[in-house]
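Please view the sequence and the model together while reading.

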Amino acid sequence: MKSTTKLVLACLLLPTFLFSQEEQDSTATETSTFNKFMDNLTGSFESNAQWYLNDKETGRFEEDEHLRANSYLKLNYYFLNNFSAGVQVESYAPQALLNYDKELNKEVGLAEYYINYRTDKVDATLGHFYEQFGSGLILRAWEDRALGMNNSIRGGKIKYTPFSFLQVTGLYGSQRRGFDVSDSEIMAFNAELNINEIVKSNFFDQISLGLSYVNRNEDFTSTSTNTEKIEIPKNVGAYSARLGLSFKDIYTNVEYVMKDKDVRLNNIQPNKVSFSENKLFDGSALLFNLGYSARGFGVNYTFRRLENMSFYSQREDKNLINNPTNRATLNYLPALTKQHDYTLANIYIYQAQPGLYIENYESPRAKAGEIGNQIDVFYKFKRGSLLGGKYGTKVSANLAYWAALNVKISDPDGIPYFSSDNLTYESDFLNFDNKIYSEFNLEVNKKWTKNFSSIFTFIDLHYNSDYLVEANGAKVDAWIGVAEGTYKFGKGKSLRVEAQHLSTDDDARNWLGGTVEYFFNSNFGVYLNDSYNYEDSPIEENSKIHFFNLGGSFTKGATRVSLNYGRQRGGLICVGGVCRPVSKNTGVTLNLATSF
Amino acid sequence: MLLNLIILPNIAQLNKSLLQYLKIMKKISLIVILMITSLSFSQSQALETSIKTLKGETTSLSEFTAKNDLVIVSLWATWCVPCKNELDAINEVYQDWQDETNVKLVAVSIDDSRTVNRVKPLVNGKDWDYTILLDTNNDLKRALNTATVPLTLIVKNGEIVYRHSGYTPGAEDALYEELKKHI
């Protein structure tokens, strides 16, 4: 591993040596060459270390390594005007933080490398790259370190813009999986056409069209002994068409995706990957968005229907018990609900339900996808108006409703528990009856004086735990209220106090929470927050325990250091609409991030 | 008091893992320290990264900074409360800042497809006066080596001259002091 790292560094340094040979006579130029090299080099370093402690309240830390760190070093070097090259070295020492992908299993390893050539018309990359087609429904390669998500593609990509109104992209490669890549090849094409640059429309301000194709080529090894099994396709493709329009203050876009037929997971033993090889199933996605916005007012409506749309580089990764961190997903299917910041608002969070899962264990059930919609409204009461007061009042509201697709199973063999390999299903196109999540939230943002402002939030939610987390027959109806106030003392000193309450008769019942945060100046601050479940409930693991955090952070320029001591509630942790389960833990966390 | 709740783990084991961690940090820290000490902000090339306008046209920050000598760039997201607080706070004084320094603010949203449709109504709902651009797959965020948002930059004549991450109430005053150095 050491040698690879050295090799890469050598490659990065090579161009400088070439330059310096040309100018080796003068020491002055050597210095400037060094400066020139440094000017063209950028990068970042991030390390997140955690020291897991035993906890009298929640128990001993059961695993071997108490001190762990995930670290990332990224270097980019720009040279010869149009070129750049870079590496990302990652370290999980002595092993990855709790709940990260188990494929991230090296103490230090070269995780990514690339070389890129870019002009006005051409953008070509060899090595690891990121990409997104349209809204990501068909393809998205991205990185989120907080989630342990990195599904970049290793291979080649070329983006060509022959005219200002047309851009085409072609790519080929294998998707990253831990420090390695998947056992499959991805080939994908995309075209983006900006029509109103060709036909100047008097009515529309924007007419754009997008077309994409993504193909996964993966061998299938049969494990089924069923005599009726059929051949499983090596190539599974997906096709997307998109249209975006805007006229004056109104805008809309619509996208439709079709996914080729593929084999479905067999769940007789949920932690063991096997497939039902007798029948194939195709998938689809429909996304529609409509918005209107003018000064002081905005409204946006989104509808989405997903059926059998989870799409992984390797079929086996579709088993979420073995792959809780969603490694090597090809597309991006986030929950379309409001993303919350407050701790108590993050207990019952919706996670999108895109996949086809016939669950033939415990309570048998067929899940084929989701359908739902949400609407957002933003409004500002003007300064000086009755509700606006001296500084104006900002109000935003969101209403979201999500249902599971309604499916009818047909089983020619009549075997109980949905365990037949010949099972097929039919789904309703527009049926919102099987509600699995709904939420209404209202946020009022009010500045009272030059130095004092406050935010009030109200959330009312319904969470179908039975469907979403397999909690037999359970559901949660809850409301959450949050009030926060910030006072500025001047010269960067400020105090923020936040109080939260979650009320429900279900699950672990009521919670009380709060935060106090004080900034000494714009660089240095400390905080304490706590969530406490104060009512007796059958959910003992969360009852009468303080889930607290206390810590501080220091920021200077591009460097940020934070230290935190606290107890983390087990459950789903969601960032950017993607969630992963985390186990309860207590410990000290040190985060360091800098860029140069 | 809180520390009393905890039984300290085996010290020998801690030492072992601490040493291991430090060993690995040593390997990379040399490079990092070398970088930090020998250069300031040399990320101006990142400004050329392709991003989109609200109408879906491709553009870049360098296109924007070519037209304006003094620019504040803010990387933000609709789900990031401190980001919105910063942009709200600046909006209150933006007119004064523009009169005195001729500065333009460009707010680049890093919202991905989950939340990007909220950008336009939110900006209008908040009555912000900024130029809004979209970095939907975070290409610019990566090119700027950004760990967290908000990230605030001052760009003078196409060069990044100041960089700050995070927002605390009142930090806009410090930003303005910094801005005045670059008129």
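**The interface and the sheet of chain B**

In chain A, 101 residues are in contact (heavy atoms within 4.5 Å) with 71 residues of chain B. The model is predicted: local features need pLDDT of at least 70, side-chain atom pairs count only at pLDDT 80 or more, and totals for chains, interfaces and linings use all residues. Residues are numbered from 1 along each chain as its sequence is written, chains are lettered from A and ligands numbered from 1 in the order in which they are written, and side-chain values use heavy atoms, with hydrogens and water left out.

Between the two chains about 7,600 Å² is buried, 55% of it from carbon and sulfur atoms; this is the accessible area (1.4 Å probe) that two parts lose on being put together, summed over both. Arg295(A), Phe378(A) and Phe596(A) supply 8% of the area that chain A buries against chain B, more than any other three residues.

Nine salt bridges are counted between chain A and chain B, each a side-chain nitrogen of Lys or Arg within 4 Å of a carboxyl oxygen of Asp or Glu. One of them joins the side chains of Arg140(A) and Asp112(B), at 3.2 Å from N to O.

Chain B also holds an open sheet of seven strands with mixed pairing, in the order S2-S1-S5-S4-S3-S6-S7. Strands are DSSP runs (E, at least two residues), numbered from the N terminus, and two of them pair if DSSP finds at least two bridges between them. Strands S2 (58-60) and S7 (159-165) of chain B stand at the edges with a single partner strand each, so one side of each lacks a neighbour in the sheet. Within the sheet, S3 (residues 70-76) and S6 (residues 151-156) of chain B run antiparallel and are joined by six bridges. Ile72(B) stands opposite Ile154(B) in S6(B).

Terms used. Helix = DSSP H or I, 4+ residues; strand = E, 2+ residues; numbered from the N terminus.
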